[in-house]
Amino acid sequence: MKNKSILVIGAGASGLMAAAAASAAGASVTVLEQNEKAGKKIYITGKGRCNLTNDCATSDFFDHVVTNPKFLYHSVHAFDHDAVKAFFTQAGCPVKTERGERVFPVSDHASDVTKALTRTLQAQGGRILTGRTCRHLQTESGKITGVRLSDGSFLAADAVILCTGGRSYASTGSDGSGYLLAQETGHTVMPQEPSLVPFVTKESWPTRLSGLSLRNVAVSVWPLPRGGEKQASPEPPANGRKQKKKKDRAVYEGFGEMLFTQQGVSGPLVLTASTRVSFREHPEGYRLMLNLKPAVPAEELAARVDMLLRETPDRSFIHAASSLFPARLGREMILAAGLDPDLPAREVQEGDRRRFATCLQAIPLTIVRTGGFPEAVVTRGGVSVKEINPSTMESKLVKGLYFAGEIMDVDAVTGGFNLQIAWSTGHTAGLCAAQNSEEA
């Protein structure tokens, strides 16, 4: 029996894993990559370190998937975080687990992840052709027959695996071209939005703090009211109280680290919050409530502010309260409370002190938009998973056509979960493409 021919479109994370799995199963595999080298997006993930998976229990993994988690049950269980760690270790890229159960290469070099994949593929007889752009998928009688390249040449194949990514970081090759290939075969492509992306705020004061990072803060994100609707409460419902209607609930609540930027706010906490925000569905925008002291009861914080100002009555408000937060932040917080940072502490009235303490735990920011696709870590939306077999990643519309990774309508929060999706779906697609081709 001759080796079955499989073409993988895209040499990113899911594509390289799909190719490695297919070649290990005995298929003749060729990866077509339009860039000058493989794994271009892998090189920039995790700030160049590549957070390649998360070491949480597989049963907990799906809680971190934002879109269509049930679709991933089979592929993730079949090739979970333990399998990923074993794969890279055996491929010469040992891994380590850090805070937040995030898994990185021991070397801290994302390039070692790409090298491990390409080395494994080539050892199994697979090949990668760079500078090759796929323009059309060729089908006949509902079955894939090959691809036509931009230079007009045709490559025949028993199966094709689309791993072209989404629209985030287009310079790495994720330019949305894969959606057009899917659409020409009859697939539905869900609208795309940037995800894991910074927020742009209406208020200008965050821009004056650009580069300042905060730890151990809490945020909640609320939809702004639609025309004629009552403003949603900025406070989450207390434990034991009746649940509010869905439209009056925060779409996100979290605790962690955030960062002020030249356009608004970012950092792990904000990137995760962005997965719950959709300006396509809610163009009115969102309100972000920032709590600088989430671990301190309100009355205790008010007493602390009062004590600080009484202990140094001759100092300015900003200097008397300086121990509460970083110096650059203090002036902006006092201004946000509508008070004068340079007023002598003795002249700050009791009501103003309490208002300031309250402000520290409920600082409002208006989110007018998210950053665009060039800033997004992943893309929300893509090929509808209703048209893909979750057990094989094969198209339900075209026999021999498979999908893996970000091109599909699946996405997760930050922390290695999106790359785990790439590895799991890529492995399933590659293995099943080789096996199903042999059965054809």
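Cys 134 counts as buried, since its relative accessibility is 10%; buried here means under 20% relative accessible area, taken with a 1.4 Å probe over protein chains only. Welcome to a predicted model, in which local features need pLDDT of at least 70, side-chain atom pairs count only at pLDDT 80 or more, and totals for chains, interfaces and linings use all residues. Residues are numbered from 1 along each chain as its sequence is written, and side-chain values use heavy atoms, leaving out hydrogens and water.

**Cysteines**
- With a disulfide taken as a pair of cysteine sulfur atoms within 2.5 Å, the count comes to zero.
- Cys 134 has its nearest cysteine sulfur, that of Cys 163, 12 Å away, and is in no disulfide.
- Cys 93 is in no disulfide either, and the nearest cysteine sulfur to it, that of Cys 50, is 8.0 Å away.
- Cys 93 counts as buried too, at 2% relative accessibility.

**Helix H4**
- Helices (DSSP runs of H or I, at least four residues) and strands (E, at least two) are numbered from the N terminus.
- H4 covers residues 81-90, and its buried residues are His 81, Val 84, Lys 85, Phe 87 and Phe 88.
- Seen down the axis of H4, these buried residues fall within an arc of 160°, so they line one face of the helix; the arc is that of the directions from the helix axis to the C-beta atoms.
- At the start of H4, a side-chain oxygen of Asp 80 comes to within 3.2 Å of the backbone nitrogen of Asp 82.
- Just after H4, Gly 92 has a positive phi of about 90°.

**Whole chain**
- The protein chain has 13 helices and 21 strands.
- Of its 440 residues, 54% are buried.
- Its C-alpha trace spans about 90 × 50 × 45 Å along the principal axes.

Definitions and conventions
Buried means under 20% relative accessible area, exposed over 50%, partly exposed in between (1.4 Å probe, protein chains only). A polar contact is a pair of N or O atoms within 3.5 Å; within protein, one must be able to donate a hydrogen and the other to accept it, and residues adjacent in sequence count only if both atoms are side-chain atoms.
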